[in-house]
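Trainee: Could we go through this model together? I would like to start with a helix and then move on to the core.
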Amino acid sequence: LIEYPSVIFDGPFSDGQERTTPKKDRAEVTVEEAQAYVLNLGFSCPFVQEISGDQPLYLFKDENTTIEVTKKGGLLLLVLADRQILDAVLNEQQAEEKAKEFTKKLGFGEIQNVWQEYYGNFIVFNFAPVIDGAVIYPDIFKVKVALDDGSIVAFEGKSYIMNNRQRELPEIKITKQQAKAKLKEGFSVETCRIALISINEKEQLCWEFFGKYNNLDFAIYFSCVDGQEKTSFRILSTETGKMVV
């Protein structure tokens, strides 16, 4: 669907990609309801068939575009538009606005662009929901925007569908300054925020620090509950994004 390297916001916290059934049980929608949803998203693909399996789907398809909507919950799983993308006209900011306009129609609530990958004539935006100021990485989804006309040419929402549910985040017992004090001496903090991450199917609310140590980029996560370091990654810059090592 979308070819790009495993980036920090996808690889380490993408438990949902391995699941076959969602954590939340959702009510079924009719094909008519799914069709109305697809139309509201700006696509006119007709209904083709129902796909059975662990995750039953409604398939909508025309000559150039394929769309999959979950039968349970009526959530968008996949969009794939097969067309040639011409030379870029839009800049990154304009493309992000197009992506955000699209995401508002999804009904996913408050979201944040947590990373993006640039490929010359299109950009893949990685969005995650935000709950009480915390970025919810397990529920990440991706939107691919063509830079020639700003259209949505791909979407992937499996992690969101598999992981999203009603959550009660734990009480924050460790302050930002207390967590920051645990960083190695010489670590230069560039950004910090609260994030919910998933490690081996166990979700952890953490203080997320991005910064440099010895001129190398790192992401380090300390629990907001007990202050213990939960994980850390070295980040390598590439032509398209940043990869985890």
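Trainee: What follows H1, and is its phi positive or negative?
Mentor: H1 is followed by Gly42, whose phi is positive, near 105°; helices here are DSSP runs of H or I with at least four residues, numbered from the N terminus. This is a predicted model, in which local features need pLDDT of at least 70, side-chain atom pairs count only at pLDDT 80 or more, and totals for chains, interfaces and linings use all residues. Residues are numbered from 1 along each chain as its sequence is written, and side-chain values use heavy atoms, with hydrogens and water left out.

Trainee: Which residues of H1 are buried?
Mentor: In H1, which covers residues 31-40, Ala34, Tyr37 and Val38 are buried, meaning under 20% relative accessible area with a 1.4 Å probe, protein chains only. Seen down the axis of H1, these buried residues fall within an arc of 100°, so they line one face of the helix; the arc is that of the directions from the helix axis to the C-beta atoms.

Trainee: And what do they pack against?
Mentor: The buried residues of H1 pack against strands S2 (57-61), S3 (65-70) and S4 (76-81), where a strand is a DSSP run of E with at least two residues.

Trainee: New topic: how many residues has the largest nonpolar core?
Mentor: The largest nonpolar core has 34 residues, and those with the most contacts inside it include Phe43, Ile67 and Leu76. Such a core is a set of buried Ala, Val, Leu, Ile, Met, Phe, Trp, Tyr and Cys residues joined through side-chain atoms within 4.5 Å.

Trainee: Which strand gives the most to it?
Mentor: S4 gives the most to this core, with four residues.

Trainee: What does Leu76 touch, leaving aside its neighbours within four places in sequence?
Mentor: Leu76 is then in contact (heavy atoms within 4.5 Å) with residues including Tyr37, Ile67 and Phe102.

Methods: Buried < 20%, exposed > 50% of the residue type's maximum accessible area, 1.4 Å probe, protein only.
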